[in-house]
Amino acid sequence: MGDAAALRVVQLDASELDQELVLTLRQQLVSAFRHFEPGWWLSRLQPELSALLRAIVWRYSVYTTGSTFGQAMLNLTYSPPNSSGMTSFACAAHGAVTVFGLWIAERHGALSDLLLRLAPLQAEQVHRVVGMVTTISRLASFANLLVFLQQGHFPTLLERILGLRTYFQRLDLRRQVGFDFLNRELLWHTFGEFLLFLLPLINVHRLRNAAKSVASKLPLVRSLLPATSPSVEASGGGGGSVDVPARCVICGNLATCPQSSNCGHMFCYYCVTANTQADNQYACPQCATQVTTIRPLSVSR
């Protein structure tokens with residue numbers, strides 16, 4: 001029986017999987033009703049929603065099979081091999097603390113306010129007692145974690161109080177590790193960290209503008225592009241005004257707050273300012289001249 005005891009890391013992984021399962025279910029449910037009438041009620045009643053989800057998960061996991069979903073995924077169980085399973089008291093106590101205990105912890109603030117309105121004289125004393133119990137439980141949980149790391153049994157304080165040890169369901173599967181999966185995850189994490197390091201060093205705007213410049217020189221692409229506006233000099237704009245509707249050579253629409261660059265073409269103020277701030281060597285997409293200066297224009301109607 002001692003050989004069937006679960007590894008420490010597997011027990012911790014099972015606890016994390018159980019927490020992530022409830023969190024994922026709650027997020028999916030809130031997201032599904034976000035655009036409906038009761039959506040804001042779900043956001044306000046998240047502690048009750050979490051308690052309901054924990055009750056459903058506990059009913060179809062610990063109550064039915066004697067192990068949580070996280071434990072079942074990792075070949076773990078609360079029942080040792082060749083045993084009759086959990087006792088009725090341990091199962092009921094586990095469900096009560098998992099559902100109602102965590103709900104009280106999440107609703108502690110609202111319950112304290114309600115008690116303050118109903119019994120203001122006893123509220124301060126109860127609040128002090130609750131704070132003391134919370135502090136003691138956190139210290140006990142921390143001490144239990146240290147003992148668990150040393151002995152390898154009872155990763156949570158609840159399991160230690162109820163005497164719920166974790167065992168492998170099948171001894172021939174306890175040390176099998178999916179190295180293909182681990183290698184794939186390692187490669188993806190390494191690749192992700194490499195991208196996080198590399199992407200800030202890449203000027204995306206410059207690459208995009210260079211690609212647009214190269215594509216605009218292709219005959220097929222040029223035939224699909226909208227007609228470009230003439231330069232300021234060709235439009236009679238030597239004095240800071242033009243006689244034709246000004247079209248931006250970047251977006252192709254009528255220029256908003258028209259601006260003229262040193263190459264003589266017209267831009268929207270936002271288009272040319274955003275591109276020159278993102279790329280200090282920005283070139284005009286129509287004539288490939290580097291934009292160094294811009295000046296406002298007025299359009300004669």
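Tutor: Contact means heavy atoms within 4.5 Å of each other. The model discussed here is predicted, so that local features need pLDDT of at least 70 and side-chain atom pairs count only at pLDDT 80 or more, whereas totals for chains, interfaces and linings use all residues. Residues are numbered from 1 along each chain as its sequence is written, and side-chain values use heavy atoms, with hydrogens and water left out.

Student: How many helices and strands does the protein have?

Tutor: Helices (H or I, at least four residues) and strands (E, at least two) are DSSP runs, numbered from the N terminus. Counted in this way, the protein has 13 helices and seven strands.

Student: What percentage of the residues of the protein count as buried?

Tutor: Buried means under 20% relative accessible area, exposed over 50%, and partly exposed in between, with a 1.4 Å probe and protein chains only. The protein has 301 residues, and the share that counts as buried is 29%.

Student: Is Asn-144 buried or exposed?

Tutor: Asn-144 belongs to helix H8, which covers residues 120-151. Because the relative accessible area of Asn-144 is 4%, this residue is buried.

Student: With which side chain does the side chain of Asn-144 make a polar contact?

Tutor: A polar contact is a pair of N or O atoms within 3.5 Å; within protein, one must be able to donate a hydrogen and the other to accept it, and residues adjacent in sequence count only if both atoms are side-chain atoms. Leaving aside neighbours within four places in sequence, Asn-144 is in contact with Phe-154, Pro-155, Thr-156, Leu-157 and Arg-160. The polar contact of the Asn-144 side chain, at 2.4 Å, is with the side chain of Arg-160.

Student: What is phi of Phe-154, a residue other than glycine?

Tutor: Phe-154 is placed in the loop between H8 and helix H9 (157-162). Phe-154 counts as buried because its relative accessibility is 14%. Its phi has a positive value, near 60°.

Student: Are the axes of H1 and H3 oblique or roughly parallel to each other?

Tutor: Axes are lines fitted to C-alpha atoms, for helices over the stretch in contact, and angles run from 0 to 180 degrees between N-to-C directions. Angles under 35 degrees count as roughly parallel, over 145 as roughly antiparallel, 65 to 115 as roughly perpendicular and the rest as oblique. The axes of helix H1 (residues 8-32) and helix H3 (residues 46-59) come within 10 Å and cross at roughly 125°. H1 is therefore, relative to H3, oblique.

Student: Is the crossing of H1 and H3 left-handed or right-handed?

Tutor: A crossing is left-handed if the near helix is turned anticlockwise from the far one by less than a right angle, and right-handed if clockwise. For H1 and H3, the crossing is right-handed.

Student: Which side chain does a polar contact of 2.9 Å join to that of Arg-26?

Tutor: Arg-26 lies in helix H1. Beyond four places in sequence, Arg-26 is in contact with Gln-46, Leu-49, Ser-50 and Leu-53. The C-alpha atoms of Arg-26 and Leu-49 are 7.1 Å apart, although 23 residues separate the two in sequence. The polar contact of 2.9 Å joins the side chain of Arg-26 to that of Ser-50.

Student: Are H3 and H6 roughly parallel or roughly antiparallel?

Tutor: The axes of H3 and helix H6 (residues 88-106) come within 9 Å and cross at roughly 165°. Residues that meet across this pair include Ala-51, Arg-54 and Trp-58 in H3 and Gly-95, Thr-98 and Leu-102 in H6. H3 passes H6 in a right-handed crossing. The two helices are therefore roughly antiparallel.

Student: What distance separates the C-alpha atoms of Gly-66 and Leu-76?

Tutor: Gly-66 lies in the loop between helix H4 (62-65) and helix H5 (69-73). With a relative accessible area of 9%, Gly-66 is buried. Its C-alpha atom and that of Leu-76, ten residues apart along the chain, are separated by 9.7 Å.

Student: What distance separates the C-alpha atoms of Ala-5 and Pro-80?

Tutor: Ala-5 is in the segment before H1 and counts as buried because its relative accessibility is 14%. Ala-5 and Pro-80 are 75 residues apart along the chain, yet their C-alpha atoms are separated by 8.3 Å.
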